[in-house]
Amino acid sequence: TTSTTDGDMEDTRLDGLAGDALLLIAGSLRKLAVFCFVVAVAASIYTLVVKPRYLATAVATVPGASSTGGLAALTGLLPGALGSLGDLASSLPMEMGTPSGADINVVEAVLSSRSVMERIVIRYDLMNRWHLKTMDDALKKLYKRVGTTLTNEGLFVVTAMGETREEAASMVSDILRFADEDLSVLVTSRSRRARIEAEQLLAMAVDSLSAAQDRLQRFRTESGLILPEEQGAAMIQAMSQVEAELLLARSELSGTAATLSSSSPAARELAARIGSLERDLASRLGPGDSLSVFPPMDSLPADMRIYENLYLAVQMKTTIVMMLTQQLETLRIEEARESPTLEIIQLPVAPKQRAFPRRTLMVLGITMAAFVLGCLWLILLAYFRRLARDPSVSDFGGRLKTALRGQIPARFRR
């Protein structure tokens, strides 16, 4: 009696959909194994022919960065006037006495901004490589391969996946570089505004200096004064020599007048020499000639005054340009010190192992999925076979056909 009862319980346990499914799976294990083997071979071939991708990582931080968004969000939940602490928190640094830098949330947003990613797409020609027509499609696919994570310590972990080891590392470096450029433009500081003003003033000063130099050059060309001090001293010295020779020649002529006649060769020679010296002295005192390197004596004082004014203007403008240049360099140093430059803690290096595909995991995962799908198919097949054997649903097909036929208008029925 006991054995009979146990047999009936076993038949009851196996009599049902679960029993039919287990029996069908047990009877189809060989086919199921062949199916899983074929899927595993196909998955292995796929992992061999698919293009590998490599993942590069870099860690960066912004010195002096602060994050006040969390405090503002918490104080916004407080009732009454306590909620105004959020407005105060957004304008204060993390700790008293600590200089406030760029908001850490702004830096995170810039690292994954559309502007940075568009430049990545253009630089690596991803639209043509991925055969995409629009920038939006390329950005959607790129965002799946790059990522930015903010750790609890305030560090930015930037990852990028490329088709080669070098491309992955280069892509991470370009993301950091483009984000750094955008941050330097986005986060305006006092030093940056002062630097822009200094550049404008320097450009104006350089233009003014160039105009003063042009005026001085035109005056030198027109007056012939290249080195006025040297030229004036040389001219006075030359006139002194001419005048001394003229006095000497006149004294010699006066001394020989008692012993020589005016028609004698020696007297005529002295007279000719005196005439030449007088003409030379008169030309120096007059407007001069175009072949002389000496300026005319009558206009030399006025020319010297004009030259000194022009030269003084050039020297003053040169001093201003030098001062503005030195100030501009100082402001650039201050701007670089205050700008939110991304400081790279861990440089992106070319990864040694590929990130995709992970062949072993992919083959095992796809094979397990194929096994589960095969079992579900056998369970579904056992269910339909059980329905086919059930007398209550044997005419299910006929009733279904009648119900569908009733929905068709009479004139369309055959």
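Mentor: Let us begin with Arg-114 and Asp-136, whose side chains meet in a salt bridge with an N to O distance of 2.8 Å. This pair links distant parts of the chain, for Arg-114 lies in helix α7 and Asp-136 in helix α9 (residues 135–143), 22 residues apart. Arg-114 is partly exposed, with a relative accessible area of 43%, and Asp-136 is partly exposed as well, at 40%. Please keep in mind that the model is predicted. In general, side chains of opposite charge can pair when their charged atoms come close.

Helix α7 leads us to the next topic, its packing against another helix. Helix α7 covers residues 114–123 and helix α10 covers residues 165–186; the two pack at an angle of about 135°, with their axes 9 Å apart. Angles over 145 degrees would count as roughly antiparallel and those from 65 to 115 as roughly perpendicular, and α7 and α10 are therefore oblique to each other. The crossing of α7 past α10 is right-handed.

Which residues make this contact? On the α7 side they are Ser-115, Val-116, Met-117, Arg-119, Ile-120 and Arg-123. They meet Met-171, Asp-174, Ile-175, Arg-177, Phe-178, Ala-179, Glu-181 and Asp-182 in α10. Sorted by class, the contact of α7 with α10 has seven nonpolar, one polar and six charged residues.

The charged residues deserve attention next. Arg-119, Arg-123, Asp-174, Arg-177, Glu-181 and Asp-182 are linked in a network of salt bridges. The cut-off for buried is under 20%.

A further salt bridge joins Arg-332 and Glu-199, and their closest N and O atoms are 3.5 Å apart. Here too the pair links distant parts of the chain: Arg-332 is in helix α14 (residues 300–338) and Glu-199 in helix α11 (residues 190–223), 133 residues apart. Arg-332 is partly exposed, with a relative accessible area of 38%, and Glu-199 counts as partly exposed at 29%.

Finally, for the overall picture, a search of the whole structure finds twelve salt bridges.

Conventions: Residues numbered from 1 in each chain as written. Predicted model: local features only at pLDDT ≥ 70, side-chain atom pairs only at ≥ 80, totals over all residues. Heavy atoms only, no water. Axes fitted to C-alpha atoms, helices over the stretch in contact; angles between N-to-C directions. Helix = DSSP H or I, 4+ residues; strand = E, 2+ residues; numbered from the N terminus. Parallel < 35°, antiparallel > 145°, perpendicular 65-115°, else oblique. Left-handed = near helix turned anticlockwise from the far one by under 90°. Contact = heavy atoms within 4.5 Å. Nonpolar A, V, L, I, M, F, W, Y, C, P; charged D, E, K, R; others polar. Salt bridge = Lys/Arg side-chain N within 4 Å of Asp/Glu carboxyl O. Buried < 20%, exposed > 50% of the residue type's maximum accessible area, 1.4 Å probe, protein only.
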